[in-house]
Amino acid sequence: MISDEVERALCVRLAEAIYESNLSRDAIITYEMLAKRVGESIENETFNYCVNLLATSPKVRLLDMHFLFFDPSDAEHIGEPIADNEVRAAIESGYLIDPRTGVQINDYKRHLEAYFTRVVLPEEPA
């Protein structure tokens with residue numbers, strides 16, 4: 001499926017970092033964490049391509065992508081998970097409805113941070 005040798009090798013390193021470590025099934029995995037584990041920069045296009053592939057391709061999907069929402073009116077807000085369907089609605093409409101206040105946020109992308117959880121493999125024990 002992955003024809004480029006460099007991309008394939010990086011995807012394998014990422015898979016090892018996700019599954020051959022002490023990450024629990026519900027651990028929050030960030031771009032930064034993955035980059036550090038495989039010795040890559042989050043600015044690296046190949047790294048970002050491979051993470052995206054592992055989060056979106058049905059054939060090699062190892063990651064589920066989710067988002068944290070940071071309140072635009074509170075600079076100290078630590079972020080909280082936001083429902084995937086709310087993010088999907090924001091992408092479709094071009095704005096996000098603040099889940100706490102109901103206020104429309106037009107620059108919503110500035111207030112979201114992606115994170116991942118690992119996909120549970122069929123052969124994993126329960």
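A residue is called buried when its relative accessible area is under 20%, exposed when that area is over 50%, and partly exposed in between, using a 1.4 Å probe and protein chains only. By that rule, 35% of the 126 residues of this protein count as buried. Before we go further, please keep in mind that this is a predicted model, in which local features need pLDDT of at least 70 and side-chain atom pairs count only at pLDDT 80 or more, while totals for chains, interfaces and linings use all residues. Residues are numbered from 1 along each chain as its sequence is written, and side-chain values use heavy atoms, with hydrogens and water left out.

Let's start with the overall layout. The protein has 4 helices and 5 strands, where helices (H or I, at least four residues) and strands (E, at least two) are DSSP runs numbered from the N terminus. The C-alpha trace spans about 45 × 35 × 25 Å along its principal axes. Two residues are in contact when they have heavy atoms within 4.5 Å. Among the contacts with a separation of 6 or more, 57% are between residues 24 or more positions apart.

Now look inside. In soluble globular proteins, nonpolar side chains tend to be buried together. A nonpolar core is a set of buried Ala, Val, Leu, Ile, Met, Phe, Trp, Tyr and Cys residues joined through side-chain atoms within 4.5 Å. The largest one here has 31 residues, and Leu14, Leu34, Phe47, Val51, Leu63, Leu112 and Phe116 touch the most other members. At least two residues of this core come from each of helix H1 (5–19), helix H2 (31–38), helix H3 (45–56), strand E1 (63–69), helix H4 (84–93) and strand E5 (112–118). The element that gives the most is H3, with 6 residues.

Next, follow helix H1. Its 15 residues reach 21 Å from the first C-alpha to the last, close to the 21 Å expected at 1.5 Å a residue; the expected span is 1.5 Å times one less than the number of residues. At the start of H1, a side-chain oxygen of Asp4 comes to within 3.0 Å of the backbone nitrogen of Val6. Which residues of H1 are buried? They are Leu10, Cys11, Leu14, Ala17 and Ile18. These residues lie on the same side of H1, because they cover an arc of only 120° around the axis, an arc taken from the directions from the helix axis to the C-beta atoms. Among the elements covering the buried residues of H1 are H2, H3, E1 and E5.

Charged side chains come next. A salt bridge is a side-chain nitrogen of Lys or Arg within 4 Å of a carboxyl oxygen of Asp or Glu, and the whole structure holds 5 of them. One joins Arg13 and Glu40, whose closest N and O atoms are 3.1 Å apart. Arg13 lies in helix H1 and Glu40 in the loop between H2 and H3, so the pair ties together parts that are 27 residues apart in sequence. Arg13 is partly exposed at 33% relative accessibility, and Glu40 is partly exposed at 25%.

Arg100 takes part in a network of salt bridges with Asp71 and Glu80. The N to O distance is 2.1 Å for Arg100 and Asp71, and 3.8 Å for Arg100 and Glu80. Arg100 sits in the loop between E3 and E4 and Glu80 in strand E2, so this pair ties together parts that are 20 residues apart in sequence. Arg100 is partly exposed at 42% relative accessibility, and Glu80 is partly exposed at 25%, whereas Asp71 is buried at 8%.

Finally, visit Thr117 in strand E5, which counts as buried at 14% relative accessibility. The side chains of Thr117 and His66 are joined by a polar contact of 3.3 Å. A polar contact is a pair of N or O atoms within 3.5 Å; within protein, one must be able to donate a hydrogen and the other to accept it, and residues adjacent in sequence count only if both atoms are side-chain atoms. Beyond its neighbours within four places in sequence, Thr117 is in contact with residues including Arg25, Asp26, Ala27 and Ile29.
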